[in-house]
Amino acid sequence: MTEPFVALVTGAGSGIGRATTLRFVRAGARVLAVDLNEAGLTETSRLAGESEAVALLVKDVTADDAPSAAVAAALAQFGRLDWLVNNAGIGNAKAADQTSDAEWDRYVDINLRALFRFSREALPHLAPGRGAIVNLASVFGLFGHPRVAPYAATKAAVVGLTHQMAADYGPKGIRVNAVAPGVIETALTRERIDTDARFQALNIDPIPFPRLGRPEDVANAIYFLCSEEAAYISGHVLAIDGGWSVTNYSRRGDAL
Ligand SMILES: NC(=O)c1ccc[n+]([C@@H]2O[C@H](COP(=O)([O-])OP(=O)(O)OC[C@H]3O[C@@H](n4cnc5c(N)ncnc54)[C@H](O)[C@@H]3O)[C@@H](O)[C@H]2O)c1
């Protein structure tokens, strides 16, 4: 029998990271779930039925020792590591002229630098032929979008690093892909979806599909990209946005 896959998921205490953890457990995988939000992690574990397939690590991904502590915890708990999902991230942001040095650094530290450092730590442990990394990019990293300068810059860099690592680790049989979600209903977007007319006009009105994205939509894609079903897919960036990024559509326009 094939040994169960073992995954490390960052930002697993909410939204997409939580849904990915639950999707992996449903597929029989083991998960080391990392987040700085302890209550969020506990809730993820509860939703997984307090299963022994989920181990928790309360950690800020930007801490110096976060990557080494997380990889060590996965190996200690489950004896191997196959998949890394670099999901922890912060969103929103502002235009370049409204962004302070401190804000810029915060986006880079969480969305990009931690992703690089977790990848570097995990890569030597990922088994050839089984190993896979999935990075969380965003459609805002693929196309110009107003007033999200540091966020978009980090997500575009995630796309570049995904392509680059696919080249370096493909020869070792390790696949590196990214997902680029559009608007997904999570803690990150909830307030803007409900109250921000500008966000609704720019991000919801142009979605051809008649609903918003759900964390499970992204989790299913992440699971697919990790699984053996995607055995020959590497360096790919999969938009999960109901068609937003490749259409010129308007819900209001369609109703006229
Ligand atoms: N929701 C969307 O519409 C959307 C769209 C595109 C991309 N994304 C990306 O998906 C990823 C997950 O977003 P989400 O919508 O699930 O957000 P979320 O806010 O629901 O969850 C993010 C999780 O990351 C954790 N986190 C944040 N900073 C951390 C840190 N320094 N250390 C450890 N944990 C940290 C948070 O505590 C939270 O549990 C992010 O990278 C985000 O940029 C989301």
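I began with the term: a pocket is an open set of grid points with protein on both sides within 12 Å along at least five of seven lines. By that test, the space taken by the ligand is the largest pocket. I note that the model is predicted.

**Overall fold.** I looked up the chain next. The protein chain has nine helices and seven strands. Its radius of gyration is 18 Å, close to the 18 Å of the globule rule for 256 residues, so the chain is as compact as a globular protein of that length. Along the principal axes, the C-alpha atoms fill a box of roughly 60 × 40 × 40 Å.

**The shell.** How many residues surround the ligand? I found 28. The closest are Ser 14, Ile 16, Asp 35, Ile 184 and Thr 186. I sorted the shell by class and got 13 nonpolar, 11 polar and four charged residues. I then checked helices: α1 (15-26) and α5 (149-169) each supply at least two residues of this shell.

I went through the ligand's N and O atoms. The side chain of Thr 186 places an N or O atom 2.5 Å from a ligand oxygen. At Val 61, a polar backbone atom is 2.8 Å from a nitrogen atom of the ligand. For Leu 36, I read 3.5 Å between a backbone N or O atom and a ligand nitrogen.

**Cover.** Last, I looked up the ligand's area. On its own, the ligand has 820 Å² of accessible area, and the protein covers 93% of it.

Definitions and conventions
Residues numbered from 1 in each chain as written. Predicted model: local features only at pLDDT ≥ 70, side-chain atom pairs only at ≥ 80, totals over all residues. Heavy atoms only, no water. Near = heavy atom within 4 Å. Polar contact = N/O pair within 3.5 Å; in protein donor to acceptor, adjacent residues only side chain to side chain. Areas by Shrake-Rupley, 256 points an atom, 1.4 Å probe, with all protein chains shown as cover. 1 Å grid on protein atoms, 1.4 Å probe; cavity = no way out; pocket = protein on both sides within 12 Å on 5 of 7 lines; lining within 4 Å. Sits in = over half its atoms within 2 Å of the grid points. Helix = DSSP H or I, 4+ residues; strand = E, 2+ residues; numbered from the N terminus. Nonpolar A, V, L, I, M, F, W, Y, C, P; charged D, E, K, R; others polar. Rg over C-alpha atoms; globule rule 2.2 N^0.38 Å.
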